[in-house]
Amino acid sequence: MGENFLEQVKGKLIVSCQALPNEPLHSSFIMSRMALAAQLAGAAGIRANSVVDIQAIQDEVELPIIGLSKVDYPDSSVYITPTLKEMRAVAATGAQAVACDLTRRKRPNGEQIADIVDQMRNEFPETLLMADTATLEDVKLANELGFDIVGTTMHGYTPETAGKNLADNDFAYLKEVLALSDAPVIAEGKVDTPAKAKRCLELGCHAVVVGGAITRPLEIASRFVQAINE
Ligand SMILES: CC(=O)N[C@H](C=O)[C@@H](O)[C@H](O)[C@H](O)COP(=O)(O)O
């Protein structure tokens, strides 16, 4: 299943279809239709949050899925598939890959990522593991733990990387990730134009994930309103 996923998305677009409870499009049905639009447009994969959304999307489209589960815990700022419980639940949907936060922040319940990875390899040997990283140190950790895919998902979204944008200086940070990572790199996070997506692939990324610029109309409309009001 895993190898096949990497083949299917190679050099292609993966569309992230996500809407949290506080967002206007929060609905598994709507996310499944977003995924259908992505499939009709020629995207090669979907990234989706929560077991219910993943299942709705699986019912609607044929595309392979990177699944995750965003959960807030009081004792940790890690929220993307933070514990073994969410990892198992997402893998059990049959999603081809499971993504989790791989920043070096403390995880909920004192869980250790190395233990989570060991357990997942035992229980779900077919499922690919994607590391959502923020820094080069995180990429090194992904190498050490043998993650199958490295994503730049958290770059710009941690206190350490706040204010940074993947596209800065013609993707200078992404180039460093590509040089360092043992695993195929998927560019993700603030890739908000077709030209940027194309550039990520030209630089050697295995695939590129685009989310908000395609599937978050509040974000898209706000950019227009802002530009007009400036
Ligand atoms: C930081 C975080 O929580 N990122 C999440 C990860 O799954 C999603 O909210 C993003 O939409 C996704 O990474 C795609 O990025 P963008 O929407 O910028 O194209």
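A37 is partly exposed, because 14 other C-beta atoms lie within 10 Å; a residue is called buried if 20 or more other C-beta atoms lie within 10 Å of its own, exposed if 12 or fewer, and partly exposed in between, with C-beta atoms placed from the backbone. This is a predicted model, in which local features need pLDDT of at least 70 and side-chain atom pairs count only at pLDDT 80 or more, whereas totals for chains, interfaces and linings use all residues. Residues are numbered from 1 along each chain as its sequence is written.

A37 belongs to helix 2 (residues 28–41), where helices (H or I, at least four residues) and strands (E, at least two) are DSSP runs, numbered from the N terminus. Between the C-alpha atoms of A37 and V61, which are 24 residues apart along the chain, the separation is 9.5 Å. E62 lies in the loop between helix 3 (51–60) and strand 3 (65–68), and E62 is exposed, with 6 other C-beta atoms within 10 Å. The C-alpha atom of E62 is separated by 33 Å from that of E144, the two residues being 82 residues apart along the chain.

S50, in the loop between strand 2 (45–49) and helix 3, has a phi near 90°, a positive value in a residue other than glycine. S50 counts as buried, with 24 C-beta neighbours inside 10 Å. D170, which is found in helix 7, also is not a glycine and has a positive phi of about 50°; D170 counts as exposed, with 9 C-beta neighbours inside 10 Å.

Five of the five residues of strand 4 (residues 97–101) are buried, so strand 4 is largely enclosed by the rest of the structure. Strand 4 pairs with strand 3 in the parallel sense over two bridges, a pairing being counted if DSSP finds at least two bridges between the strands, and here G67 stands opposite V98. Strand 3, helix 4 and strand 4 form a right-handed β-α-β unit, the term right-handed meaning that, with the strands pointing away from the viewer, the path from the first strand over the helix to the second runs clockwise.

Strand 4 is also joined to strand 5 by five bridges, and these two strands run parallel; D101 stands opposite D132 in strand 5. From strand 4 the chain crosses through helix 5 to strand 5, in a β-α-β crossover that is right-handed.

In helix 5 (residues 113–123), the residues I113, I116 and V117 are buried. They cover an arc of only 100° around the axis, which puts them on the same side of helix 5; the arc is that of the directions from the helix axis to the C-beta atoms. A114, D115 and N122 are exposed on the other side of helix 5. The cover over the buried residues of helix 5 includes helix 4 (84–92), strand 5 and helix 6, where two residues are in contact if their C-beta atoms, placed from the backbone, lie within 7 Å.

Helix 6 (residues 136–145) has D138, V139 and A142 as buried residues. Seen down the axis of helix 6, its buried residues fall within an arc of 100°, so they line one face of the helix, while E137 and E144 are exposed on the other side. The buried residues of helix 6 pack against strand 5 (128–132), strand 6 (149–151) and helix 7 (168–180). After helix 6 comes G146, with a positive phi near 70°.

Strand 6 and strand 7 run parallel and are joined by two bridges, and I186 is the bridge partner of G151. With helix 7, strand 6 and strand 7 make a right-handed β-α-β unit.

Three bridges join strand 7 to strand 8 (residues 207–210), again in a parallel pairing, with I186 opposite A207. The chain crosses from strand 7 through helix 8 (residues 194–202) to strand 8, and this β-α-β crossover is right-handed.

## Surroundings of the ligand

Of the 16 residues around the ligand, S16, Y157, K190, G211 and G212 come nearest, a residue being near a molecule or strand if its C-beta atom, placed from the backbone, lies within 6 Å of it. Strand 8 and helix 9 (212–215) each supply at least two residues of this shell. The shell divides into eight nonpolar, six polar and two charged residues, where Ala, Val, Leu, Ile, Met, Phe, Trp, Tyr, Cys and Pro count as nonpolar, Asp, Glu, Lys and Arg as charged, and the others, Gly among them, as polar.
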